[in-house]
Every structure is written in C-alpha cells, then in structure tokens.
Amino acid sequence: MACSVSDSPSLKDLPKVATDLKSQLEAFNPSCLRDVDTNEKIVLPSAEDVAKEKLHSALLHDVEQFQTSSLKKTDTVEKIVLPNAIDVATEKTQKSLFDGIEKFDSSMLKHTETQEKNPLPDKDAIEAEKEKNKFLNGIENFDPTKLKHTETCEKNPLPTKDIIEQEKTA
C-alpha cells in the first residue's frame with residue numbers, strides 16, 4: 001500500500017509542537033548517545049519439551065487417521081452365574097420372614113397396661129447410706145497425728161497367798 005500525496009494530512013491538520021520542545025529537537029546531537037549492544041532474548045524449548053510435543057502430535061495424528069476397518073470382529077459372551085442351593089435357601093427364609101412381618105395382624109395382640117416403677121430409693125435408705133458413708137469417711141480419713149502420746153502401764157495384780165489358799169480349799 002503506497003501512500004499518495006493526496007492522502008497525507010494538510011499542514012493545518014497536523015498537531016502543534018511547543019516551541020521549546022521544537023528547539024530541543026532541532027538542537028539534538030545523535031553523537032551524544034552511547035553505543036549499546038542489543039541482546040534479543042528468545043527462549044527456545046528444551047529437547048524434552050520438543051520430544052513431548054512430537055509424541056503428542058504423533059498420537060493425535062494416529063487417532064485422526066485410525067481405520068476402524070482394520071479391527072477384527074469379536075463376539076461377546078455373557079456369563080450368568082446362578083446362585084447355589086444355600087443362597088436360594090437363605091433368600092427364601094428371608095422372604096418368608098419379611099412376608100410374616102408385613103402381613104402381621106396387630107389386632108390379635110392383647111392389651112396391656114404398663115406400670116412405671118420408680119427405681120429411686122426412699123428417704124430411709126438414703127439416710128442409712130449417708131450414715132454408712134460418713135462412718136467410712138471417718139475411718140478412712142483418720143489422722144493419727146492428732147492423738148496424744150500416752151504410756152501404757154500393765155496392771156496385772158497377782159493373787160496374794162491368802163487368796164490362793166482360799167481357792168485351794170474351795
């Protein structure tokens with residue numbers, strides 16, 4: 001596509017540039033710029049990535065080009081496993097039990113009155129148990145350090161000769 005002169009905008013349609021910017025642009029010296037080497041960085045895929053992509057594209061190509069006419073015709077054989085005698089017997093007993101439950105006539109039951117029993121003990125039993133617990137706690141929690149020290153003096157008076165003589169004669 002070549003631009004013709006008639007397609008270019010006229011001078012009055014062009015944007016106006018500020019005078020100070022225009023003077024800076026005119027005074028620009030390209031020799032003041034530094035030389036820089038440009039490094040183009042293009043990241044190439046690794047050999048592993050290329051191998052994976054080739055394998056994937058080959059697989060897709062093979063799937064697209066697959067011929068179903070190359071398949072062999074096979075017949076499917078369905079095997080039905082019949083239950084043995086034990087399984088049949090257990091199923092029959094379960095079915096008879098379920099039938100008995102479903103057909104049960106609840107009108108043949110006798111009417112009963114339920115009596116609620118209070119399993120709690122009466123006041124006398126509670127008081128007796130409290131007394132027993134208090135007694136046991138007194139024994140278990142007895143502190144022997146609160147006892148006073150005493151010395152035991154055994155008094156076993158021997159009988160005198162007169163008492164022995166009286167017992168012999170009697």
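## An exposed lysine in a predicted model

Lysine 52 counts as exposed, at 52% relative accessibility. The cut-off for that class is over 50%. This is a predicted model.

The side chain of lysine 52 meets that of glutamate 48 in a salt bridge, with 3.8 Å from N to O. Glutamate 48 is exposed, with a relative accessible area of 52%. Both residues sit in helix H2, which covers residues 47–64. They are four residues apart there, so about one helical turn separates them.

## Overall form

The protein chain has five helices and zero strands. Read from the N terminus, the order of elements is α-α-α-α-α.

How does the radius of gyration of the protein chain stand against that of a compact globule of 170 residues? The globule would come near 15 Å, but the protein chain has 60 Å. Along the principal axes, the C-alpha trace spans about 175 × 80 × 45 Å.

## Burial and surface

What share of the 170 residues counts as buried? The figure is 0%. A residue would need under 20% relative accessible area to be called buried.

The accessible surface of the protein chain comes to about 19100 Å². Carbon and sulfur atoms hold 57% of that surface.

## Charge and the second salt bridge

The protein chain carries 24 positive and 33 negative side chains. The centres of the two sets lie 3 Å apart. Side chains of opposite charge can pair when their charged atoms come close. Here the count comes to two salt bridges. The cut-off is 4 Å between a side-chain nitrogen and a carboxyl oxygen.

One of the two is the lysine 52 pair described above. Lysine 95 and aspartate 99 also meet in a salt bridge, at 3.7 Å from N to O. Lysine 95 and aspartate 99 are four residues apart in helix H3, so they too are separated by about one helical turn. Are the two partners exposed or partly exposed? Lysine 95 is exposed, with a relative accessible area of 52%. Aspartate 99 counts as partly exposed, at 26%.

## Helix H3 and beyond

Helix H3 runs over residues 85–102 and also holds threonine 93. Threonine 93 counts as partly exposed, at 44% relative accessibility.

How far apart are the C-alpha atoms of threonine 93 and leucine 109? The separation is 24 Å. Along the chain, the two residues are 16 residues apart.

## Surface patches

Which residues form a nonpolar patch on the surface? They are Val17, Leu21 and Leu25, with about 280 Å² of accessible area together. Valine 17 is found in the segment before helix H1, which covers 19–26. Valine 17 is partly exposed, with a relative accessible area of 46%.

A patch of negative charge gathers Asp122, Asp124, Glu127 and Glu131 on the surface. Glutamate 127 lies in helix H4, residues 123–140. Glutamate 127 counts as partly exposed, at 44% relative accessibility. Glutamate 127 therefore also passes the cut-off of over 30%.

Technical notes. Residues numbered from 1 in each chain as written. Predicted model: local features only at pLDDT ≥ 70, side-chain atom pairs only at ≥ 80, totals over all residues. Heavy atoms only, no water. Helix = DSSP H or I, 4+ residues; strand = E, 2+ residues; numbered from the N terminus. Rg over C-alpha atoms; globule rule 2.2 N^0.38 Å. Buried < 20%, exposed > 50% of the residue type's maximum accessible area, 1.4 Å probe, protein only. Areas by Shrake-Rupley, 256 points an atom, 1.4 Å probe, with all protein chains shown as cover. Lys, Arg positive; Asp, Glu negative; His and termini not counted. Charge placed at Lys NZ, Arg CZ, Asp CG, Glu CD. Patch = residues over 30% accessible without salt bridge, like charges linked within 9 Å, V, L, I, M, F, W, Y side chains within 5 Å.
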